[in-house]
Amino acid sequence: SMQISRDLGNCPPNDLYPESYANYIKHLFTNIENVTVEILDEDKMKALGMNCLLGVGQGSARASQTAIIKYKGDKTSDDFKLSLVGKGVCFDSGGISLKPSGNMDQMKYDMCGSSAVIGATYAAATTKANINIATLVGLVENMPDGNAQRPGDIVKSMSGKTVEILNTDAEGRLVLIDLFEYVAKHIKPKYMINLATLTGAIGVALGSTYAGRSEE
């Protein structure tokens with residue numbers, strides 16, 4: 001499972017984009033017991049009101065996707081004890097708020113939160129762990145074309161709250177909030193854990209040795 005996560009992270013962004021990533025996930029979990037995979041395309045996400053996630057991807061030629069992987073390893077319950085949520089920005093140019101060009105190639109790694117939760121879910125399913133897990137990954141590409149989201153735009157999230165976009169490179173939280181709302185409305189797990197390559201500020205604060213954790 002760690003190899004799966006690493007291989008996904010190392011994929012070049014012209015090969016690993018939202019649709020190819022969603023297809024990979026469907027293929028990965030084919031014929032694995034007690035697992036179902038559902039892909040939400042842009043029409044389905046629009047109908048659900050996932051406008052924050054869709055706003056991030058609207059400047060890309062690649063259509064955004066959300067993959068929902070449900071593993072039911074606990075035969076005594078239909079409820080999900082755990083939901084894993086991963087940020088899957090397949091390439092993050094920053095959008096209109098364009099990043100500096102130095103090391104921008106590393107922005108293919110902005111989907112490593114998603115690859116980590118997919119690897120974890122694969123490990124649980126293939127070892128037949130006695131737990132029900134629902135995993136969601138929001139797969140988008142953040143690009144600056146003529147249709148891209150602008151600083152100053154206001155979008156409405158799935159929860160109905162509006163968000164003013166001040167910097168289009170603060171896109172990870174926009175992807176995640178619609179996923180969180182989906183989990184809260186449709187899955188209702190006991191625990192929700194999210195993994196995301198969210199901000200360089202955590203690296204400034206903690207360096208490369210420690211990981212950051214937020215607690216509510």
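Helices H2 and H5 are roughly parallel to each other, a label used for angles under 35 degrees, whereas angles over 145 count as roughly antiparallel, 65 to 115 as roughly perpendicular and the rest as oblique. The model is predicted, so that local features need pLDDT of at least 70 and side-chain atom pairs count only at pLDDT 80 or more, while totals for chains, interfaces and linings use all residues. Residues are numbered from 1 along each chain as its sequence is written, and side-chain values use heavy atoms, with hydrogens and water left out. Helices (H or I, at least four residues) and strands (E, at least two) are DSSP runs numbered from the N terminus.

**Helix pair**

- H2 and H5 pack at an angle of about 10°, and their axes are 12 Å apart; axes are lines fitted to C-alpha atoms, for helices over the stretch in contact, and angles run from 0 to 180 degrees between N-to-C directions.
- Tyr21, Ile25 and Leu28 of H2 meet Ser114, Ser115, Ile118 and Tyr122 of H5, where contact means heavy atoms within 4.5 Å.
- By class, this contact of H2 with H5 has five nonpolar, two polar and no charged residues; Ala, Val, Leu, Ile, Met, Phe, Trp, Tyr, Cys and Pro count as nonpolar, Asp, Glu, Lys and Arg as charged, and the others, Gly among them, as polar.

**Sheet**

- Five strands form an open sheet of mixed pairing in the order S1-S2-S4-S3-S7, with two strands taken as paired if DSSP finds at least two bridges between them.
- Strand S1 (35-40) and S7 are the edge strands, each pairing on one side only, and the twist averages 15° from one strand to the next.
- Strands S2 (residues 65-72) and S4 (residues 132-142) run antiparallel and are joined by eight bridges; Tyr71 has Ile133 in S4 as its bridge partner.
- Helix H2 (residues 18-28) packs on the sheet, where it touches S1, S2, S3 and S4, and its direction makes about 160° with that of S4.
- H5 also packs on the sheet, touching S1, S2, S3, S4 and S7, with its direction at about 140° to that of S3.
- Thr36 lies in strand S1 and touches Ile68, Ile69 and Lys70, not counting residues up to four places away in sequence.

**Pockets and cavity**

- The largest pocket holds about 900 Å³ of space; on a 1 Å grid over the protein atoms alone, a pocket is an open set of points with protein on both sides within 12 Å along at least five of seven lines, a cavity is a set where a 1.4 Å probe fits but cannot get out, and lining residues have an atom within 4 Å of a point.
- Among the 25 residues lining the largest pocket, Asn194, Leu195, Ala196, Gly212 and Arg213 are the closest to its centre.
- The lining of the largest pocket takes at least two residues from each of helix H5 (112-126), helix H6 (172-187), strand S7 (191-195) and helix H7 (200-206), and its residues divide into 13 nonpolar, nine polar and three charged.
- The second largest pocket has a volume of about 340 Å³, and its lining divides into four nonpolar, five polar and seven charged residues.
- A search of the whole structure finds one cavity of 30 Å³ or more; the largest cavity holds about 40 Å³ of space, and its lining has three nonpolar, six polar and no charged residues.

Note on methods: Grid points are joined across faces, edges and corners, and a volume is the space filled by probe spheres set on the points.
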